[in-house]
Amino acid sequence: MNPIIFNLEKLPDWFGVLPEIILLVFAALVIILDLFVSQKKILAAVSLIGIIASGALSLGFWGTELSFFNGLILTDSFAVFFKLLFLGVSFLIVLASEDYVNSFRRLQGEYYALLLLATTGMMLMAGAGDITTVYVSLELTGISLYALTGFLKDRKSTEAALKYLLLGAIASAVLLYGLALIFGITGKTGLGEIARAVQAQLSGSASVSPALFLGLVLLIAGFGFKIASIPFHMWVPDVYEGAPTTVTAFLSVASKAAGFAIIMRVITSVFAAPDWLARDWATVFAVLSVLTMTAANIVAIPQSNIKRMLGYSSIAQAGYLMVGLAALGSSPFPGALAGMSPAQSGVLFFLASYAFTNLGAFTAITIIAQKIGSDEIADYAGMGRRSPLLALALTFCLVSLIGIPPASGFMAKFYIFRAAVQADLLWLVIIAVINSVISAYYYLRVVKVMWLESPPSAEKVPSSALPTVSLAVSCLGVLALGTIPGLIMKLAEMVNQFMP
Amino acid sequence: MPDISPLLTGHLPAATAAYWPGGYWGHWAFYTTALITFALLMVMGAIYIERRLLGRMQSRLGPNRTGPFGLLQPVADALKVLIKEDIIPQPADRLVHWLAPVVAFVPVVMIFAVVPFQKGALLADLNIGILYVVAVSSLTTVGIFMAGWGSSNKYSLLGAMRNVAAVVSYEIPLVLSILGVVLIAGSLSLNEIVLAQDIPFIFLQPMGFLLFFMAACAEINRSPFDLMEADSEIVAGFHTEYSGMKFAMFYLVEYAEAIAMSAIISVLFLGGWRGPLLPPWLWFVIKVFAVFGFMVWTRATFPRVRIDQLMAFAWKFLLPLSLINLFVTAIQVLTIPDAPWLVFIINTAVMILLVIIWSGLFKVGWGRVEV
Amino acid sequence: MGLAAAFWVMAVFAVAAALLVVSLRNIFRTALALIVCFIAVAGLYITLSADFLAAAQILVYVGAISVLIILAIMMTREVRQGNPANRPLKLPVLAVAVVLLGLLVYVVVASPWQVSGTPPLAPTTGPLSRLLFGSQGYVLATEICAVLILAAILGAIVLAKEKEE
């Protein structure tokens, strides 16, 4: 634990949510400024400043282990890691949105504000220490994202928003039922208290009470919706296709990472003991992982729309990530509380790598779609000649999604699979590797179309400054994580969860 | 047999178990009967007052032939309407059409259950009293909806839809302006709120009173917000297809709602049954009729608003002002809880200032020129 | 005794109304049955001494949500008989519902629930406010709800605003 200048006993409660408050203030500022400024780029700038300020404040909590508001919110390195991840993602999204938001000029203020609010919700999710905070922050994220999905207001976008809303509402009802059952059986709302109550109830017995079992299943289902694991993935293809591309990128990266953050907060650490309970949910995750990877990769093959294809791809990536969760439960030291779990650091590294990779891919798509006005893979023909750098960046990100060095996707998979092998899940790793090979087919098809087919027109695809910066940062991130993975891995290994 | 002598002597028993005449069920039966009788009598009085007062304000006499001063006019009206033919339109949803007046009427009577007529003299001293009132009064909408839908008439449907638009919009400022009172009184119970009013809350919450009065008028569709039965536009709105007894029920609902809201306003802002010299229940009745008279006065003064004006008024005028009022009140309760006269001065100034500023945002016809 | 009777009356009403909601053809009557169900649930809350919750249930579910549902029905008069496309799904849905019911009943009966031994609080408003707004309570969750409403309002504005040409 780092030395801290403040007197910990006397910190006011609001101090614990300072990064979130800052972000919220900037969201409000964006809405108010929207009324007065005609140059809407200022709104993007204000959002960026807010994100940076919030990130700087979050960083200050690294290494602390504090609980605020009577345990409703926790600050630990786990929360800080995810907060920085979310803020980084929304930073890049705001950059990448510069041109794109022109398609809804009148609503730009709302766009940035909702983006910041969604990020706030995710940050609160990462730091949640109580099932009430878990639920309301999840809803905050959800509601902001439903609205963002419908931003284009055309047929597809509206349909996407409606589907997302309906299925999201069902998922959160399922989740709430699960939380209610767990509250009913333990009588507690704090995550730490629940963990202790569960441990006390189960010590010496060999089976869980039906309510706890059902509660756990419902939790996995509710969070499974958030991370888009099969069979809770039905919303993904339509929503990803219909939503504004920048929002799709945000959904596929930040929302998924938030889902994993909350799973690691609520399931893998609270239900870490006794061992057999951890092995139980690890098996569930292993089975879901196999289903998710295999089905998503097979269905992705015939897709002709690149957003849809990347939608299935992101489902598949969730499958690989769940290999990490399974390893987390089956390892000799189940759960994150044991600290230094290779599976946890693997999942964190994978999420960081996946964030850069997918953001890069989606930013490239956003820029291309701005110009050619289509998301069909066939229309990408000859992109290598029309815009070599863009095509190169997209190729690099797709290669990273397959998991080929030197891109970061390789190291990410390597860490997770290594953790799984250490946890005696060799069979799962073999299936995952087979899946990676299958996935190469559809990723490389896009590459082939871009580089080997002749372009329909020789017209260049220009790109404006800020989205290009965003793309460059993403690609650099992918490269850096792939070549010097030790850096972020060290960080990920230091991440520890605090449970009061 | 419950002892009804307290009613006659003006000393109603308190609502605590020890004073329940005839035990729990006796108390229940006694107050229920008393309340329904009270509500019906008040409604008859209200109808009389409205017709006479309106007549006076419009420079005419109003009904003056039935009984002394026309006092028996409501009775005659009631008799007439009871023996009228009950018509149900052929394509109507008969069950819904039949149930609608009942569904609309029951919640209105239920409101009176928590209204204190005297110290502790009420059917049930709920600790959530005012929340109960707001919750129950929102049920009436369902009855009006059923009437609008069940009649299979487009004017009925339009009236019902206007009603929901009004109720949903005006419920927000209504509740927010109640919260100011609740903050000062420190309780949701109507009995406690009255006991807390050494100074009537109209002085401490002048803007709250104004907002509540306007929102309440819209909520119960009193003129100038009586859009859902605007006869120049949609015949008679939701009760176009009603006649006879069922029409009488809706008529009753309309006035019972007005009386209920007047009673709530008296309790929240005018000190309820408290007053010098006269017996408490009489004070209460006087205040209720005074508020009702004020409603009649508004009706006679203002022209009916248009539907978009109705919406704009709720969302752009009442809502922001009630939020500001709540905010100011909360600060006052925290900082100067013991200086009522300071609160009075500040709140009056705030009210005048805000109303003037906000009125500037509204022009006749909302900038549209119409002939 | 009286409380148990009230509970059973409310429970029967709630379940019967819920059954009507799924079985009635006329979609307006379905909505009315839903309202009865909500009111019965509010009654259940009262038997649990949760009077504030009961009033909030009536206010929110009956006064606002049901009314909006009915408004939506009125605007879509064509679908008053329900969606015919759903009819083939009747049996599978029934099966799923029955299985779910069995599961839930089993869970409720077979689990060792945490039951509080303390008697219900007489005035609920005070303790409730301390739980919702006190520093030892759930004030942060309440505040997040406020932000949630802000997000919802923004979303509503976005969806309701006309698309510009």
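What follows is a walk through the structure, from whole chains to single residues.

The model is predicted. The predictor assigns the complex an ipTM of 0.89 and a pTM of 0.87. For chain C, the mean pLDDT is 84, and 92% of the residues reach 70 or more. Where pLDDT is low, predicted coordinates should not be read in detail.

Begin with chain A. Chain A has 500 residues, of which 62% count as buried. Its secondary structure consists of 19 helices and two strands. The C-alpha trace spans about 70 × 55 × 40 Å along its principal axes. How does the radius of gyration of chain A sit beside that of a compact globule with 500 residues? The globule would have a value near 23 Å, and chain A has 22 Å, so the two agree. The contacts in chain A can also be sorted by distance along the sequence. Among those with a separation of 6 or more, 81% are between residues 24 or more positions apart.

Chain C can be described in the same terms. Chain C has six helices and zero strands, and its pattern along the sequence reads α-α-α-α-α-α. Of its 165 residues, 23% count as buried. A compact globule of 165 residues would have a radius of gyration near 15 Å, but the value for chain C is 20 Å. The C-alpha trace of chain C spans about 55 × 45 × 25 Å along its principal axes. Of the contacts in chain C between residues at least 6 apart in sequence, 53% join residues at least 24 apart.

Chain C is also divided into two parts: domain 1 covers residues 1-81, and domain 2 covers residues 124-165. The centres of domain 1 of chain C and domain 2 of chain C, taken over C-alpha atoms, are 24 Å apart.

Now turn to how the chains meet. Which chains have the most contacts between them, among the two pairs that touch? They are chains A and C. In this interface, 36 residues of chain A are in contact with 27 residues of chain C. On the side of chain A that touches chain C, the elements giving two or more residues are helix H4 (108-127), helix H5 (131-149), helix H6 (155-186) and helix H8 (210-227) of chain A. H5(A) supplies the largest share of that side, ten residues. By class, the residues on this side of chain A are 20 nonpolar, eleven polar and five charged.

Chain C also touches chain B. Here 20 residues of chain C are in contact with 22 residues of chain B. Helix H2 (27-47) and helix H3 (51-75) of chain C are the elements that give two or more residues to the side of chain C that touches chain B. The largest share of this side, 13 residues, comes from H3(C). The side of chain C that touches chain B has 14 nonpolar, four polar and two charged residues. Chain A and chain B, by contrast, do not touch, and their nearest C-alpha atoms are 16 Å apart.

The interior comes next. In soluble globular proteins, nonpolar side chains tend to be buried together. In this model, the largest nonpolar core has 206 residues, and A:Ala257 and A:Ala326 have the most contacts inside it. Helix H13 (residues 342-372) of chain A gives the most to this core, with 17 residues. Apart from this core lies another, of 122 residues, which includes B:Val108, B:Val114, C:Ile35 and C:Leu59. Leaving out residues up to four places away in sequence, A:Ala326 touches A:Ala282, A:Phe285, A:Ala286, A:Ser289, A:Ala420, A:Leu425 and A:Leu428.

A:Gly259 is found in helix H10 (residues 245-268) of chain A. Is A:Gly259 buried or exposed? A residue is buried if 20 or more other C-beta atoms lie within 10 Å of its own. A:Gly259 has 24 other C-beta atoms within 10 Å and is therefore buried. Not counting residues up to four places away in sequence, A:Gly259 touches A:Phe223, A:Lys226 and A:Ile227. A:Phe223 is 36 residues away from A:Gly259 along the chain, yet their C-alpha atoms are separated by 6.1 Å.

Definitions and conventions: Residues are numbered from 1 along each chain as its sequence is written. Chains are lettered from A and ligands numbered from 1 in the order in which they are written. This is a predicted model: local features need pLDDT of at least 70, side-chain atom pairs count only at pLDDT 80 or more; totals for chains, interfaces and linings use all residues. Domain bounds come from an automatic or database domain assignment. Two residues are in contact if their C-beta atoms, placed from the backbone, lie within 7 Å. Helices (H or I, at least four residues) and strands (E, at least two) are DSSP runs, numbered from the N terminus. Ala, Val, Leu, Ile, Met, Phe, Trp, Tyr, Cys and Pro count as nonpolar, Asp, Glu, Lys and Arg as charged, and the others, Gly among them, as polar. A residue is buried if 20 or more other C-beta atoms lie within 10 Å of its own, exposed if 12 or fewer, and partly exposed in between; C-beta atoms are placed from the backbone. The radius of gyration is taken over C-alpha atoms; the globule rule is 2.2 Å times the number of residues to the power 0.38. pLDDT is the predictor's confidence in each residue, from 0 to 100. A nonpolar core is a set of buried Ala, Val, Leu, Ile, Met, Phe, Trp, Tyr and Cys residues joined through C-beta atoms within 7 Å.
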